[in-house]
Amino acid sequence: PEVPLNKQGPGAHCRQTPTKPGTMSQKRAAFGSFHSDNVEDMIKDDGWKPPAEPADVASPAEASTPAAVEFGRKAKDLFLLDPDWVFVNHGAFGSPLRTSFESANRWRVHAERQPLRFIDRELFPHMVRSLKLMSKTIDCKPTDLALVPNATLALNAVFDSVPLTSKDSIFYLDCTYNSVKKMIRAACERTGATHVQKDLPFPLPAGSEKDAIVQTVESSLPEGCKLAVFDQVTSNEGLVMPVRELVEACHRRNILVLIDAAHGLGCVDSFAVSGIGAEYVAGNCHKWYSSVRGAGFLYVNHERLGSIAGVHEAAGGGGKK
């Protein structure tokens with residue numbers, strides 16, 4: 001229960017600490033210094049019931065996004081975009097839906113009304129709720145998914161975690177996003193591994209683009225290749241890559257695959273991690289999925305979860321791996 005410290009004061013509250021077995025005081029030690037159940041326990045529990053959405057956060061009925069959208073000028077009303085401009089570059093920094101933007105603002109206001117209560121007691125259960133919803137959206141187990149600020153952080157986490165030696169190599173294509181090339185080179189410099197880039201034969205033969213890409217990769221994978229990196233949708237060319245077929249070609253050579261899906265969610269039809277089959281998939285939500293910025297994800301194949309290193313140590317760390 002919450003007990004007012006002083007009715008004449010600025011509205012400060014304190015929370016009494018229960019002492020009975022199984023109550024908050026014992027659960028508190030399960031996740032660092034937070035008054036919250038262990039996040040991994042909540043994620044793994046199929047019967048876990050998410051907390052109700054706070055009343056001051058719930059979207060008003062009139063703010064809901066219609067199920068069917070007519071493309072063109074009417075669709076622009078769903079965004080905050082300048083009505084005098086035709087905005088086509090969602091792939092750079094995105095543009096959030098008006099409902100997403102307003103919902104995020106309501107969450108910010110809710111958090112700042114009681115910052116300690118929100119961060120210490122409410123935040124993690126709501127994050128678990130979001131993670132479980134996201135896992136259904138991209139078709140994977142919630143235990144195999146992490147919410148991150150963006151695909152860049154997710155990609156770096158993978159490059160920092162895959163064990164590489166001087167006998168190993170990383171394979172990628174010339175159409176790989178430039179910052180990802182830099183990450184690959186940095187990982188190789190750090191570990192002594194080599195990086196191998198292959199140019200695609202542009203222009204690709206009309207009608208058989210997929211076959212040309214897969215054949216080029218299959219014939220170019222080097223000996224000792226430990227990791228292959230492919231875009232799902234290339235940033236500069238807008239080329240939808242045959243990621244499933246590329247993953248299968250690499251797996252026939254026992255090569256791990258990282259898919260940069262920064263442009264995938266909301267851009268390709270039926271985005272599903274299960275249909276890709278890669279060990280790692282990193283993605284953004286703020287581009288074609290039209291969420292607010294600061295929302296991304298990292299999927300890791302369940303068998304490789306233990307090999308992923310966290311980017312930062314934090315106060316809530318030290319739980320079960």
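Helices here are DSSP runs of H or I with at least four residues, strands are E runs of at least two, and both are numbered from the N terminus. By that rule, His90 sits in helix α4, residues 90-93. Before going on, note that this is a predicted model, where local features need pLDDT of at least 70, side-chain atom pairs count only at pLDDT 80 or more, and totals for chains, interfaces and linings use all residues. Residues are numbered from 1 along each chain as its sequence is written, and side-chain values use heavy atoms, leaving out hydrogens and water.

Back to His90: its relative accessibility is 10%, so it counts as buried (under 20% relative accessible area, with exposed over 50% and partly exposed in between, using a 1.4 Å probe and protein chains only). Leaving aside residues up to four places away in sequence, His90 touches Phe79, Ser95, Lys287, Trp288 and Ser290; contact means heavy atoms within 4.5 Å.

Now for the cores. A nonpolar core is a set of buried Ala, Val, Leu, Ile, Met, Phe, Trp, Tyr and Cys residues joined through side-chain atoms within 4.5 Å. The largest one has 46 residues, and Ile138, Phe230, Ile259, Phe271, Val281 and Phe297 touch the most other members. Several elements each supply at least two residues of this core, among them α2 (39-44), β4 (169-173) and β9 (296-300). Helix α6 gives the most, with five residues.

Take a look at Phe230 too: not counting residues up to four places away in sequence, its partners include Phe171, Leu173, Val217 and Leu246. A second, separate core of 27 residues includes Ala154, Val158, Val162 and Ala187.
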